[in-house]
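Dear colleague,

Please find the structure below, handed over for your files. A short account of the findings comes after it.

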Amino acid sequence: MTADDSYGRLDDDDYPAYTMGRAAEILGTTPAFLRAIGEARLITPLRSEGGHRRYSRYQLRIAARAREIVDQGTSVEAACRIVILEDQLQEARRINEDLQRRPVGLVDKADA
């Protein structure tokens with residue numbers, strides 16, 4: 001991989017650029033919190049060749065939302081479930097909006 005390839009990935013929200021320590025620092029939390037939300041299957045960090053966890057910006061945004069909820073007094077497991085449900089609701093709304101924009105009669109049978 002060349003330096004140009006690496007620079008191109010800096011704009012990729014899914015590129016696992018952050019170590020656990022750096023991710024925890026950015027979020028103002030502990031590595032234990034990141035492990036806990038990983039165990040709750042909210043995020044699954046990629047692993048480096050050496051086996052170290054690596055997080056993407058997208059995963060950090062999800063972790064930050066979970067941390068907000070935990071900071072309000074909710075358990076980690078419940079916060080993870082809330083974030084998952086919020087994500088599912090957002091996706092359902094997006095699909096609904098897409099379907100509503102289609103002219104009447106163009107909805108596929110598979111979509112109905």
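Predicted model: local features only at pLDDT ≥ 70, side-chain atom pairs only at ≥ 80, totals over all residues.

Residues are numbered from 1 along each chain as its sequence is written, and side-chain values use heavy atoms, with hydrogens and water left out.

Three strands form an open, antiparallel sheet in the order 1-3-2. Strand 1 (18-19) and strand 2 (46-47) are at the edges with a single partner strand each, so one side of each has no neighbour in the sheet. Strands are DSSP runs of E of at least two residues, and helices are runs of H or I of at least four, both numbered from the N terminus; two strands pair if DSSP finds at least two bridges between them. Strand 2 is joined to strand 3 (residues 53-55) by two bridges, and L46 has R54 in strand 3 as its bridge partner.

Helix packing. Helix 4 lies across strand 1 and strand 3, at about 85° to strand 3. The axes of helix 2 (residues 20-27) and helix 3 (residues 31-39) come within 8 Å and cross at roughly 100°. Axes are lines fitted to C-alpha atoms, for helices over the stretch in contact, with angles from 0 to 180 degrees between N-to-C directions. Helix 2 and helix 3 are therefore roughly perpendicular (65 to 115 degrees). In this contact (heavy atoms within 4.5 Å), M20, A23, A24 and L27 of helix 2 meet P31, L34 and R35 of helix 3. Six of the contact residues are nonpolar, none is polar and one is charged.

Largest pocket. This pocket holds about 160 Å³ of space. A pocket is an open set of points on a 1 Å grid over the protein atoms alone, where a 1.4 Å probe fits, with protein on both sides within 12 Å along at least five of seven lines; lining residues have an atom within 4 Å of a point. The volume is the space filled by probe spheres set on the points, which are joined across faces, edges and corners. Helix 5 supplies the largest share of the lining, five residues.

Technical notes. Parallel < 35°, antiparallel > 145°, perpendicular 65-115°, else oblique. Nonpolar A, V, L, I, M, F, W, Y, C, P; charged D, E, K, R; others polar.
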